[in-house]
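Colleague: I have the model open and would like to go through it with you. Could we take it piece by piece?

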Amino acid sequence: MRIDIITIFPDYFAPLELSLIGKARAAGILDIRLHDLRSWTRDRHNTVDDTPYGGGPGMVMKPQPWGEALDAVAGGAGAPPRLVLPTPSGTPFTQERAKRLSDEPWLVFACGRYEGIDARVVADAERRMPVEELSIGDYVLAGGESATLVIVETVSRLLPGVLGNAESAVQDSFAAGAMEHLLEGPVYTKPAHWRDQEVPPVLLSGDHGAVDRWRRHEALRKTARNRPELLRELAARRLHELERSD
Ligand SMILES: COc1cc(COC(=O)c2cn[nH]c2)cc(-c2cccnc2)c1
């Protein structure tokens, strides 16, 4: 997968040199390229923002640098990339959407700052590539860089060869099918006795059926406590399946 990131803070992405993603880049599984938006400014102050038409607080990112950056990065011959634009006003980024993005050959991330990017940039980009405005949560960051790191990490770990067997992504609690979108329950490792706390005996029993039942029970308890709305969705799905099979 090729990933291009356009940002005014390229140094923000130093973490992508590390760990699993760093190794995947060295192995050629991931081709991540960083671009400084200011390379496409034309004034001596490298201005990327200006005051909003219609008034209001803050600044808006100018269209011209973005238009030329996207022409340069995403404008080549051949199939266009998918443009991903992290923003509080985007559609929710979920594990399911990460799975679909991981099937794309080429993603370009536009990291917005200030109050956002002039709306004509997305309208212009949509003329020549698919554009996805994604929100990683209902809060406001200072810029799209942190959200891009989240999306790149979530998508990259799903690519074949990025996670070793030890960190398999298959059992992710939000991975389709595994535990049916329930939250992960508690996990334990050695030693069996630590600071007067014991590991639940069932986990040491060797009875895999009992372990699976215990884990599902703990997942249901955790989900009921932290995300009760997921249980309502699960119940609705199971009811739908039962009614279909009747
Ligand atoms: C591209 O336009 C943006 C992008 C971002 C950065 O992304 C997030 O905050 C985010 C992404 N998922 N969840 C939060 C922030 C704004 C913004 C809006 C209003 C006031 N202040 C800032 C606009």
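Colleague: To start, in which strand is the place of D4?

Modeller: D4 sits in strand β1, residues 2-7, where strands (E, at least two residues) and helices (H or I, at least four) are DSSP runs numbered from the N terminus. Before going on, please keep in mind that this is a predicted model, in which local features need pLDDT of at least 70 and side-chain atom pairs count only at pLDDT 80 or more, while totals for chains, interfaces and linings use all residues. Residues are numbered from 1 along each chain as its sequence is written, and side-chain values use heavy atoms, with hydrogens and water left out.

Colleague: Is D4 buried or exposed?

Modeller: D4 counts as buried because its relative accessibility is 0%; buried means under 20% relative accessible area, exposed means over 50%, and partly exposed is in between, with a 1.4 Å probe and protein chains only.

Colleague: And which side chain does the side chain of D4 make a polar contact with?

Modeller: The partner is the side chain of H35, at 2.6 Å. A polar contact here is a pair of N or O atoms within 3.5 Å; within protein, one must be able to donate a hydrogen and the other to accept it, and residues adjacent in sequence count only if both atoms are side-chain atoms. Not counting residues up to four places away in sequence, D4 touches R33, H35, V73, W106, L107, V108 and F109, contact meaning heavy atoms within 4.5 Å.

Colleague: Where is V108, then?

Modeller: V108 belongs to strand β6, and it is classed as buried because its relative accessible area is 0%. Setting aside residues up to four places away in sequence, V108 touches D4, I6, L70, V73, A74, P81, R82, L83 and V84. The C-alpha atoms of V108 and R33 are separated by 9.4 Å, and these two residues are 75 residues apart along the chain.

Colleague: Moving to helix α2, which of its residues are buried?

Modeller: In α2 the buried residues are P65, W66, G67, A69, L70, V73 and A74, and they pack against β1, β2 (31-36), β4 (60-61), β5, β6 (106-110) and α4 (119-125).

Colleague: How far apart are the end C-alpha atoms of α2?

Modeller: They are 16 Å apart, which agrees with the 16 Å that the twelve residues of α2 (residues 63-74) should span at 1.5 Å a residue; the expected span is 1.5 Å times one less than the number of residues.

Colleague: Let's switch to the ligand. How many residues surround it?

Modeller: The ligand is surrounded by 16 residues, the closest being Y114, I136, G137, Y139 and L141; a residue is near a molecule if one of its heavy atoms lies within 4 Å of it. Strand β5 (residues 82-92) gives the largest share of that shell, with four residues. By type, the shell divides into eight nonpolar, seven polar and one charged, where Ala, Val, Leu, Ile, Met, Phe, Trp, Tyr, Cys and Pro count as nonpolar, Asp, Glu, Lys and Arg as charged, and the others, Gly among them, as polar.

Colleague: What about the backbone, which residues are joined by a cis peptide bond?

Modeller: K190 and P191 are joined by one, with omega about 0°, and P191 is in the loop between α5 (145-156) and β8 (193-194). Two further residues are worth a look for their phi: N46 has a positive value near 50°, and R195 has a positive value near 45°. Most residues other than glycine have a negative phi, and most peptide bonds are trans.

Colleague: Where is N46 found?

Modeller: N46 is in the loop between β2 and β3 (49-50), and it counts as partly exposed because its relative accessibility is 30%. R195 is in the loop between β8 and β9 (197-198), and at 64% relative accessibility it counts as exposed.
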